[in-house]
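Hi there,

Here is the structure I promised to pass on to you.

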Number of protein chains: 2
Amino acid sequence: MSEPGSDTREAAETASGGTRRPRGSDAQVDDRSTAARLIETAAALFRRKGYAASTTRELAELLGIQKASLYYHMSGKDDLLVTICHESLRRITDQVREVAESGPAESRLANVIERHVVTALHDRDMHAVMLIELRALPVERRTSVIERRDQYQHLLHELIESEQKAGRIRADIETKYLTLSLLNLLNWTIFWFDPEGDMAPQELGRTLATIFVEGARSRP
Amino acid sequence: MSEPGSDTREAAETASGGTRRPRGSDAQVDDRSTAARLIETAAALFRRKGYAASTTRELAELLGIQKASLYYHMSGKDDLLVTICHESLRRITDQVREVAESGPAESRLANVIERHVVTALHDRDMHAVMLIELRALPVERRTSVIERRDQYQHLLHELIESEQKAGRIRADIETKYLTLSLLNLLNWTIFWFDPEGDMAPQELGRTLATIFVEGARSRP
DNA sequence: GTCTATACTTCGATAGAC
DNA sequence: GTCTATCGAAGTATAGAC
């Protein structure tokens, strides 16, 4: 399995001109260029404080530059948010589509759920901001993000529908509500998942897949 | 079943002194006193725009008063948020505990899920704000809310654990993760539920209970 | 219980030098 | 690509009259 999003990170590094600031002994510091760190830093800040409560001042400080310098890399604060949303949706769509179209049909749904969880948690900050901060966007800029989000959800809807037709998923609940239930099960995870905790993303993905497909009831 | 929260609304009305402003033909307007409308109006605003992006100006406008007049009813903006969080948790805890302690043990979990959904959607704005805007609270004021939230979640944890011991819920997944999965299934609902839609809260509650307990798999 | 007026702070963004 | 300096707008909250 290719690591989700690693391509983009490298692309940003290359595109930025690769300005590196050697720092001697301080090995902990992220020495990638400002352009390369901007989106990730903004996503982490937005997730922690919320978009509206995050200030360009704090973002600049986290990046180690003056706030005026931010505007060389972005056109405005909401530009960052749009970029985060689109990038997050691009990544998860790519990743999930990959497994949705391969392997034995019987295991596709479980594989999709697992891949979704792994990808969403790999891009945790970006993904959370995309899910929660959409309302902070001016309406004009919101629609393009909503379109891509609906497009992704449509992918899940289609998969569940085909599973219903194949008789593997119950047909007594509308596809729409099965899809929404699955999204419930997946999306709230970003609020509590702890990377330092005792369950790895992949294992959590399998657990959620089990609960969605088989339920919580004990069986002989 | 008693209607969740209706008691509080009446209490607020009474406590405010019951100032009523007759308005002639305009029957659509909420003519309860400012004090009675404040929390609900604030919750609706906070949910739509987010706490940080909501201004006292807009809140005052929605209430039909000047922004300075708000401070007769509250000590500050974050005072409103604390009140909303506590009230929302008080209501759902009361409602859910009621069904968690009555009726046949076999149907308690499903009843709890249904009651949770009905209550959370009845108090939709307050409940959503409580779930999402906690991070907007100054840390000192956050802890008391977190305590009550954890207390509520503990109630669900205990119920699931007892169901596991009774052999009705699978024991091969830790109680902790079964509880978190259930909270996933419940909490994200506030992001998409449409009161004008084709599924009533109670029916949705039963559907989510079915998916959690039985899963999505079709069975003979 | 609501008003007008305003104090004080912080925000996003720009101008222009280096 | 980053800096210093600053602008204008918008925020929360308070003072004091009615």
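Before the details, one cut-off is needed: a residue is buried under 20% relative accessible area, exposed over 50%, and partly exposed in between. Arg90(B), with a relative accessible area of 25%, is therefore partly exposed. Please also keep in mind that this is a predicted model.

**The fold of chain A**

Chain A has 10 helices and 0 strands. Read from the N terminus on, its elements run α-α-α-α-α-α-α-α-α-α. Of the 220 residues in chain A, buried ones make up 46%. Among the contacts in chain A with a separation of 6 or more, 62% come from residues 24 or more positions apart.

For one residue in this fold, take Thr41(A), which lies in helix H2 of chain A. Its relative accessible area is 18%, so Thr41(A) is buried. Leaving aside residues up to four places away in sequence, Thr41(A) touches Leu59(A), Leu62(A) and Leu63(A).

**How the two chains meet**

How many residues of each chain take part in the contact between chain B and chain A? There are 44 residues of chain B in contact with 44 residues of chain A. The area buried between the two chains is about 3900 Å², and carbon and sulfur atoms give 57% of that area.

Across this interface there are 30 residue pairs in polar contact, both residues being at pLDDT 80 or more. On the side of chain B that touches chain A, the elements giving two or more residues are helix H2 (34–49), helix H7 (124–132), helix H9 (175–187) and helix H10 (201–214) of chain B. H9(B) gives the most to that side, with 9 residues. Sorted by class, the side of chain B that touches chain A has 21 nonpolar, 10 polar and 13 charged residues.

Salt bridges also cross between the chains, and the count between chain B and chain A is 8. One of them pairs the side chains of Lys176(B) and Asp198(A), at 3.6 Å from N to O. In another, Glu214(A) pairs with Arg217(B), with the closest N and O atoms 3.8 Å apart. Glu214(A) lies in helix H10 (residues 201–214) of chain A and Arg217(B) in the segment after H10 of chain B, so this pair joins two chains. Glu214(A) counts as partly exposed at 26% relative accessibility, and Arg217(B) is partly exposed too, with a relative accessible area of 35%.

**Salt bridges within a chain**

Side chains of opposite charge can pair when their charged atoms come close. Over all chains, the count comes to 38 salt bridges.

What does the salt bridge between Arg48(A) and Glu58(A) tie together? The side chains of these two residues meet at 3.1 Å, N to O. Arg48(A) is in helix H2 (residues 34–49) of chain A and Glu58(A) in helix H3 (residues 56–63) of chain A, so the pair ties together parts that are 10 residues apart in sequence. At 48% relative accessibility, Arg48(A) is partly exposed, whereas Glu58(A) is buried, with a relative accessible area of 18%.

In chain B, the side chains of Glu87(B) and Arg90(B) form a salt bridge as well (3.1 Å, N to O). Both residues lie in helix H5 (residues 77–100) of chain B, 3 residues apart, which is about one turn of the helix. Over in chain A, salt bridges that share partners join Glu87(A), Arg90(A), Arg91(A), Asp94(A) and Asp123(A) into one network.

**A loop serine and the cysteines**

Is Ser54(B) buried or exposed? With 1% relative accessibility, Ser54(B) counts as buried. Ser54(B) is found in the loop between H2 and helix H3 (56–63) of chain B. Not counting residues up to four places away in sequence, Ser54(B) touches Leu45(B), Phe46(B), Lys49(B) and Lys77(B).

In case you were wondering about cysteines, the structure holds 0 disulfides over all chains. Cys85(A) is buried, with a relative accessible area of 0%, and Cys85(B) is buried with a relative accessible area of 0%.

Note on methods
Residues numbered from 1 in each chain as written. Chains lettered and ligands numbered in written order. Predicted model: local features only at pLDDT ≥ 70, side-chain atom pairs only at ≥ 80, totals over all residues. Heavy atoms only, no water. Disulfide = S-S within 2.5 Å. Buried < 20%, exposed > 50% of the residue type's maximum accessible area, 1.4 Å probe, protein only. Contact = heavy atoms within 4.5 Å. Buried area = accessible area lost by both parts, 1.4 Å probe. Salt bridge = Lys/Arg side-chain N within 4 Å of Asp/Glu carboxyl O. Polar contact = N/O pair within 3.5 Å; in protein donor to acceptor, adjacent residues only side chain to side chain. Helix = DSSP H or I, 4+ residues; strand = E, 2+ residues; numbered from the N terminus. Nonpolar A, V, L, I, M, F, W, Y, C, P; charged D, E, K, R; others polar.
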